[in-house]
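Please keep the sequence and the model in view while reading.

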Amino acid sequence: MLGLGMPVITMGVPGVILSPAEAASLLLVPSFATDLWQFLDHRDAGKAMARF
């Protein structure tokens, strides 16, 4: 509902093994992919991109 679970798991579990910077980089890929997917799925994505 709020999307608070992924950052906690992504930083907590790998943070035990990896450095905090490496664990944070693992969080960027799925977050960016889902944001891009939602943007491109929108019917007016071309208009929004032209405005941007």
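The accessible surface of the chain amounts to about 4,600 Å², and 72% of this area belongs to carbon and sulfur atoms. Accessible areas come from the Shrake-Rupley method with a 1.4 Å probe, and for residues only the protein chains shown count as cover. Of the 52 residues in the chain, 10% count as buried. Here, buried means under 20% relative accessible area, exposed means over 50%, and partly exposed lies in between (1.4 Å probe, protein chains only).

The model is predicted, with local features requiring a pLDDT of at least 70 and side-chain atom pairs counting only at pLDDT 80 or more, while totals for chains, interfaces and linings use all residues. Residues are numbered from 1 along each chain as its sequence is written, and side-chain values use heavy atoms, with hydrogens and water left out. The pLDDT, the predictor's confidence in each residue on a scale from 0 to 100, averages 77 over the chain, and 83% of the residues score at least 70.

The chain contains three helices and zero strands, in the pattern α-α-α along the sequence. Helices (H or I, at least four residues) and strands (E, at least two) are DSSP runs, numbered from the N terminus. Among these elements, the lowest mean pLDDT, 72, is that of helix H1 (residues 5-17), and the highest, 83, is that of helix H2 (residues 20-41).

Helix H2 includes Glu-22, a partly exposed residue with a relative accessible area of 42%. Glu-22 and Met-11 are eleven residues apart along the chain, and their C-alpha atoms are separated by 9.1 Å.

Leu-40 also has its place in helix H2. Which residues accompany Leu-40 in a nonpolar surface patch? Phe-32, Leu-36, Phe-39, Met-49 and Phe-52 make the patch together with Leu-40, and its area is about 720 Å². Patches are made of residues with over 30% relative accessible area and no salt bridge; like charges are joined within 9 Å, and nonpolar side chains (Val, Leu, Ile, Met, Phe, Trp, Tyr) within 5 Å. H2 provides the largest share of the patch, four residues.

A salt bridge is a side-chain nitrogen of Lys or Arg within 4 Å of a carboxyl oxygen of Asp or Glu. By this rule there is one salt bridge. Asp-44 forms it with Arg-43, and the closest N and O atoms are 3.7 Å apart. Asp-44 is partly exposed, at 27% relative accessible area, whereas Arg-43 is exposed, at 74%.
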